[in-house]
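Please look over the sequence and the structure shown below before reading the briefing that follows.

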Amino acid sequence: MNERLSGSTNIWLTGAGSGIGQALARKLLADGHHLLISGRQRAPLEAIKTLARGRVEVLPVDIATDERLSDQLQQPLKELAPLGMVILNAGTCEYLDASQFDASVVERNMATNVIGTARCIEAALPALRATRRQGLPATLVIVSSSAWWFPFGRAEGYGASKAALSYLARSLRADLASEGIEVVLVSPGFVDTPLTRQNDFPMPFLVSADAAAQRLIQGLHSGRSELEFPRRFTWMLRILGALPRGLVDALAARLARPETKKKTEDTQ
Ligand SMILES: NC(=O)c1ccc[n+]([C@@H]2O[C@H](COP(=O)([O-])OP(=O)(O)OC[C@H]3O[C@@H](n4cnc5c(N)ncnc54)[C@H](OP(=O)(O)O)[C@@H]3O)[C@@H](O)[C@H]2O)c1
């Protein structure tokens, strides 16, 4: 068993108000950990706080727009010291309609998933370094997605943001290795949450938020630095991605939404 999450750990978790984050918060509290939870809306965070009074602090923040996030986090993170783990899970997914290509969709995906996560990293690193100076384990967990492994239609903005985020995580892992701060990259397949309930297409191997949280926590205990689930879905994507580019492109074009194609034809 890896040192991560051994004993009661102090954890900052973003996007804790719903979906995977909420399921994670419940499980981490049941396991006896202390949490600082954030998201934009206060009410769902306060509801989680009632589950374990004295072990949860709430900090509503908007990671996409708040340029002073790092300053806002200093005091709450100091109070949570030693900070053993940060789980950067907050994210958004907006699809793009290629027939009316709108760059602001790409911008909004990037603002939350890439820039917002980067702001959280900037805020968390001093506290994680302080933890390492005490000889304690410090882990940064970044929730990306497996969606960008295949060029899904309409996912230009979301997929690009998660591709960038995954690169950021791996590059940061290289830079932080000498300091002993671990960087864990999480790449889920489809999980049943408010984020995917907007989807109007089949979602193969959809798993519940509880199952996703369970897999994530198991993976953290295992000590691995790359977590992906459900395996049936991620292996399928890996195999598809390993096909020759021409085949991947042909398959991606076939899977692209028929109405998008129709709209494109109509506007031509
Ligand atoms: N569900 C899936 O199939 C799936 C698959 C792969 C990856 N993921 C990733 O898993 C993570 C969690 O997603 P989920 O499926 O659990 O969706 P979700 O239920 O919509 O959760 C996303 C959370 O992020 C918070 N959030 C969004 N924008 C924010 C912002 N600007 N500032 C602060 N907090 C913000 C939301 O809270 P507020 O609205 O209160 O801010 C919400 O609690 C995301 O990074 C997502 O991309 C999900």
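**Briefing**

Asparagine 10 is found in strand S1 (residues 10–14), where helices (H or I, at least four residues) and strands (E, at least two) are DSSP runs, numbered from the N terminus. The structure is a predicted model, in which local features need pLDDT of at least 70 and side-chain atom pairs count only at pLDDT 80 or more, while totals for chains, interfaces and linings use all residues. Residues are numbered from 1 along each chain as its sequence is written, and side-chain values use heavy atoms, with hydrogens and water left out.

**Asparagine 10**

- With a relative accessible area of 15%, asparagine 10 is buried, a term that means under 20% relative accessible area, whereas exposed means over 50% and partly exposed lies in between (1.4 Å probe, protein chains only).
- The side chain of asparagine 10 reaches the backbone oxygen of proline 82 at 3.0 Å; a polar contact is a pair of N or O atoms within 3.5 Å, and within protein one must be able to donate a hydrogen and the other to accept it, while residues adjacent in sequence count only if both atoms are side-chain atoms.

**Strand S6 and its partners**

- Strand S6 (residues 181–188) is mostly covered, since seven of its eight residues are buried.
- Strand S5 (residues 138–143) runs parallel to S6 and is joined to it by six bridges, with valine 184 in S6 as the bridge partner of valine 141; two strands pair if DSSP finds at least two bridges between them.
- On the other pairing, four bridges join S6 to strand S9 (residues 226–229), again in parallel, and the bridge partner of serine 187 in S9 is glutamate 228.
- Together, S5, helix H5 (residues 156–176) and S6 make a right-handed β-α-β unit, right-handed meaning that, with the strands pointing away from the viewer, the path from the first strand over the helix to the second runs clockwise.

**The ligand and its surroundings**

- The ligand is surrounded by 29 residues, the closest being Ser18, Arg40, Tyr158, Val191 and Thr193, and a residue is counted as near if one of its heavy atoms lies within 4 Å.
- An oxygen atom of the ligand is 2.8 Å from an N or O atom in the side chain of serine 18, and a ligand oxygen atom likewise lies 2.8 Å from a side-chain N or O atom of tyrosine 158.
- For isoleucine 20, a backbone N or O atom lies 2.8 Å from an oxygen atom of the ligand.
- The elements that give two or more residues to the shell around the ligand are helix H1 (19–30) and H5.
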